[in-house]
2 protein chains.
Amino acid sequence: MITRMSELFLRTLRDDPADAEVPSHKLLIRAGYIRQIGPGLYSWLPLGLRVLRRIERIVREEMVAIGAQEILFPALLPREPYETTNRWTEYGDTLFRLQDRRENDYLLGPTHEELFALTVKGEYSSYKDFPLILFQIQTKYRDEARPRAGILRGREFVMKDSYSFDIDEDGLKVAYQKHREAYQRIFDRLQVRYVIVSAVSGAMGGSASEEFLAESEVGEDTFVRCLESGYAANVEAVVTLAPEPKPIEGLPEPVVHDTPDTPTIATLVDWANSANLPQFAGREVTAADTLKNVMLKVRRPDSEEWELLAIGIPGDREVDDKRLAAALEPAEYQLLDDADFARHPFLVKGYIGPKALQANGVRYLVDPRVVTGTSWITGADQPGKHVVGLVAGRDFTPDGTIEAAEIRDGDPSPDGAGPLVSARGIEIGHIFQLGRKYTDAFNVDVLGEDGKPIRLIMGSYGIGVSRLVAVIAEQHHDELGLRWPSAVSPFDVHLVIANKDDAARAGAEELAADLDRLGLELLLDDRSASPGVKFKDAELLGVPWIVVVGRGWSKGVVELRNRFTGETREIPVDSAATEIASAVSGGA
Amino acid sequence: MITRMSELFLRTLRDDPADAEVPSHKLLIRAGYIRQIGPGLYSWLPLGLRVLRRIERIVREEMVAIGAQEILFPALLPREPYETTNRWTEYGDTLFRLQDRRENDYLLGPTHEELFALTVKGEYSSYKDFPLILFQIQTKYRDEARPRAGILRGREFVMKDSYSFDIDEDGLKVAYQKHREAYQRIFDRLQVRYVIVSAVSGAMGGSASEEFLAESEVGEDTFVRCLESGYAANVEAVVTLAPEPKPIEGLPEPVVHDTPDTPTIATLVDWANSANLPQFAGREVTAADTLKNVMLKVRRPDSEEWELLAIGIPGDREVDDKRLAAALEPAEYQLLDDADFARHPFLVKGYIGPKALQANGVRYLVDPRVVTGTSWITGADQPGKHVVGLVAGRDFTPDGTIEAAEIRDGDPSPDGAGPLVSARGIEIGHIFQLGRKYTDAFNVDVLGEDGKPIRLIMGSYGIGVSRLVAVIAEQHHDELGLRWPSAVSPFDVHLVIANKDDAARAGAEELAADLDRLGLELLLDDRSASPGVKFKDAELLGVPWIVVVGRGWSKGVVELRNRFTGETREIPVDSAATEIASAVSGGA
């Protein structure tokens, strides 16, 4: 089909919009792909909608290829199912809530686990009906605290969400693996550069949840990877490579020292280095030799009560809030305030040590590096006093370990293959072995071969479809504009008429008709604007193949430019249509 | 592509759902096309979604064919534009309103006139940019007071809404006509039986607004038509064919009579027939000889005050609330209550006449049949008294006419061609020469050829896309199930394996593969269920071509049934694939 620029609903902008910070946002606005309607709310103009639909189609094809069946739920949903799973409350301010004319509560769906679980419960009743994968490509709503970067983080967005239902763990693993491979095919077809990172640590097993992150400097997600082994993970998911336990025999007994004016790790280290401590003879004391104890209060979701929790980590590291939150989830936590300290006089602020914690029954979790046989400088539970040589496994015994300390570039990879380096990414996909959270909530059972009920096990899998428009723009642009991969470009060919001569115009129209007949989607710049304006627009819009009918016309040639690779060549008019078609089908 | 019933996410139901009243609702639930999630909220299961998408595609093709360009707006919209046009308030309880985390007001879009007008204002600035037609196929929200009949009137639904922008009335008329013809092509392709009815009367001209109504007994819209001329209109839009005025000379003077106990038209007619009135010598008095005066109070949208309004209509007709509301729009009205009558003692309940109304300055509108020279029995403004022979144009002069009386089967068509008959329909499309309401609200001007600003003129055009699924089901079904027209059927062919013999099964699989290779969308019933169960399901699902591999297999034939027409024939196995493909492409 031929789309004429003279009729296309499009006005490109010369200047970057004032509120746009990231390149994709600037370019998608300037090139007339999207327009802002409100904070985090965008309309799709003709070019943007074409890209969105092409991405949707690729996602759909690959989902159907793994046997997933498409259905479609409303976005407007009643409160009750989300009440049952507690997400009505848990989602907090991120959930758009509203009432209808009868004052019944509704929400705008952020994801649809509840509805899928209930629908399968409604239709299926036998083990024979499984495995089952259902998906939808649907508009979702989240009231983000900081909608940003255009459609990278909008409040209304298009998502592909799918859910697998199986009668056992093995089935779930198969569905998970199918999705993992389908996602790889999808992102490969879209020419997105991405990494797959472990998204949760320990408890559920390494492969239970992975994120697909598009590599991008403007990404909000930080991840780490080991270039030697290919290991990659969210910082929340990194498991600390703990040293081996050491023998306790022969270690000096702990000694309490007066350490006036040492409320911080830095002042404590200064004191230690000036104190000529025999343990450190011949080497400098560093913050890594100290153990700091961070006091929290923690509340479980099913409880009203806050419990004390102490976290011991080497003094050279900070607590990473995201890692801490992930480690404590689903419990919430707060730091202790002055009133809390006043209520617990055994907590001597700045000088808290393991002894008082354990004597008073405070739950005490430590960094995995605090293994048996390690010796620490830490608080002595009296103002102005620290203890030197307190040995884990002898002088104190933690209640367990916790992954709460920050990850740093150069830390060893959990697989031991080399150092970790950090990078930034944009989450484009998430696959998750969800388990029975939702089937338990709604008692989703089917009859097994033996006539006994089986509780179904679910996986949930998402792709940010509208976000991908921005992600691809973010990874594929230059200073002149967008550069779409062929698979998602709004058009196959952008034909620019840059010669006002009547014969050239007529020839260009003929070439356009030929390309149309060959099945190509064609954008024809038939405007009366100057060649310079047309070239600028062609570069901004980013269609991968640009054909120019220009000065060469009289010599019997047209120019074929590849916007994606930058190559340019002249081709004879006579064979232009077939040469262009073959270039297009060869890929950008 | 081959879809296997053994894997398809589908459970058909034997019984009608308890809450379903209309056939389409019952069948779409029973056949597993849709499921209810909440009042007026439905999920689309695989078969339903296939039909919805096929309808969308036909709508899209015909819109693109008239040069319309597709864009897509959010459903979640900020309050401000709707505040500007007053629709934030006017929509009343039908609008879903909500707040975000910052307590800013939002709505779920019921239609998008505001956003389209603002978007065109944002992009275009010259008369050269027009004509322009934009459209979207998008999810809309209306908090209906009585969601009913499944997806016939849902609260979340898919609509195609388009908007034309022109610099003059002639352009608008062209865009309107293009839409009218596109809609005819769409509904013809969908095999919907429909009529086009005038949707508003008089003031704006006959063609300014038309509705496409699908003929259906379960429709909520009543319309009338003249079988002789093809005239059709909403009852709100019917213009009464008024008689010619008559000469006044020679008509008897009015006489006031004691008419005790005649507060109703029926008692008044009885009295008149027993009173031997000279005017009616030789014929019976009927209710049509009386003039009843209905008292209302009316308030304009820009006013706080209620004004009295009297409506005089022949006593044999009731006021039609919808026609009255349409005639008074945008003003609202109420009937007078006892307190109102107490405040205006000149209104003698049951005996109100034109004299007291006009003497007290009450605005008085009459039915168009009350022409000059007609003589009436009506109230004499005293308890128990009526006047006989009160002549319009002599004894009282109305302030105008109003189309408020009911339309009855047999009434003359406005074009004089014959009698009107009424029918029921479902609104499936609406085309509307909107004018400048929205471009005035947002000052949408472009520069004309003379450099002066031109205020754009708009048309708005809608099709209820998801509703059409139910409308087609409503028009095409029988007692056994659905019967889809080929253009929208979820599959081209439903192949039933009704023979357990291994060779027959293998042959059916081979035939399925052949049909797949011929590009047909195939539903293959490969379940282990009995032939009876499979046939029932095939009839319920309603795919137009049903192929049965059954007992005939050993004789080398399969059965080809047309679910749409009911025809059945045997075809030889050897040529089955090509014969089926040719039957399918020939249409159902």
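User: In what kind of crossing does α13(A) pass α15(A)?

Analyst: α13(A) passes α15(A) in a right-handed crossing, and please bear in mind that this is a predicted model. The contact draws on A:L511, A:D514 and A:L515 from α13(A), which meet A:A576, A:A577 and A:I580 from α15(A). By class, the residues of this contact of α13(A) with α15(A) come out as five nonpolar, no polar and one charged.

User: And at roughly what angle do the axes of those two cross?

Analyst: The axes of α13 (residues 502–517) and α15 (residues 576–585) of chain A cross at roughly 45° and come within 9 Å.

User: Which domains does the assignment give for chain A?

Analyst: The domain assignment of chain A gives domain 1 as 11–190 + 430–473, domain 2 as 255–401 and domain 3 as 491–585. Taken over C-alpha atoms, the centres of domain 1 and domain 3 of chain A are separated by 39 Å. Their contact takes nine residues from domain 1 of chain A and six residues from domain 3 of chain A.

User: Switching to chain B, how do the axes of α2 and α12 cross?

Analyst: In chain B, the axes of α2 (residues 46–65) and α12 (residues 465–475) cross at roughly 115° and come within 9 Å, and that makes α2(B) roughly perpendicular to α12(B). On the α2(B) side the contact is made by B:V51, B:L52, B:I55 and B:E56, and on the α12(B) side by B:V465, B:S466, B:L468, B:V469 and B:I472. The residues of the contact of α2(B) with α12(B) divide into seven nonpolar, one polar and one charged.

User: What about α2(B) against α6, at what angle do they pack?

Analyst: α2(B) and α6 (residues 169–189) of chain B pack at an angle of about 150°, with their axes 9 Å apart, and α2(B) and α6(B) are therefore roughly antiparallel to each other. α2(B) passes α6(B) in a right-handed crossing. The residues in contact are B:I58, B:V59, B:E61, B:E62 and B:M63 of α2(B), together with B:H179, B:A182, B:Y183, B:R185, B:I186 and B:R189 of α6(B). By class, the contact of α2(B) with α6(B) has six nonpolar, one polar and four charged residues.

User: Now the backbone: which residues does the cis peptide bond in chain A join?

Analyst: A cis peptide bond joins A:F130 and A:P131, with omega about 10°, and A:P131 lies in the loop between α5 (113–123) and β8 (132–141) of chain A. In chain B, the peptide bond from B:F130 to B:P131 is cis, with omega near 10°.

User: Is the phi of A:Q191 positive or negative?

Analyst: A:Q191 has a positive phi of about 55° although it is not a glycine, whereas most residues other than glycine have a negative phi. A:Q191 is in the loop between α6 (169–189) and β10 (194–198) of chain A.

User: Last one, what rotation superposes chain A on chain B?

Analyst: A rotation of 179° with 0.1 Å of shift along its axis superposes chain A on chain B, with an RMSD of 0.5 Å, and that is the relation of a two-fold axis. In chain A, the C-alpha nearest the axis belongs to A:L98, 2.5 Å from it.

User: Why do the copies meet through the same surface?

Analyst: Because 100% of the interface residues of chain A are also interface residues in chain B, the copies meet through the same surface.

Terms used. Residues numbered from 1 in each chain as written. Chains lettered and ligands numbered in written order. Predicted model: local features only at pLDDT ≥ 70, side-chain atom pairs only at ≥ 80, totals over all residues. Heavy atoms only, no water. Least-squares fit on C-alpha atoms with pLDDT ≥ 70 in both. Contact = heavy atoms within 4.5 Å. Axes fitted to C-alpha atoms, helices over the stretch in contact; angles between N-to-C directions. Helix = DSSP H or I, 4+ residues; strand = E, 2+ residues; numbered from the N terminus. Left-handed = near helix turned anticlockwise from the far one by under 90°. Nonpolar A, V, L, I, M, F, W, Y, C, P; charged D, E, K, R; others polar. Domains from an automatic or database assignment. Parallel < 35°, antiparallel > 145°, perpendicular 65-115°, else oblique.
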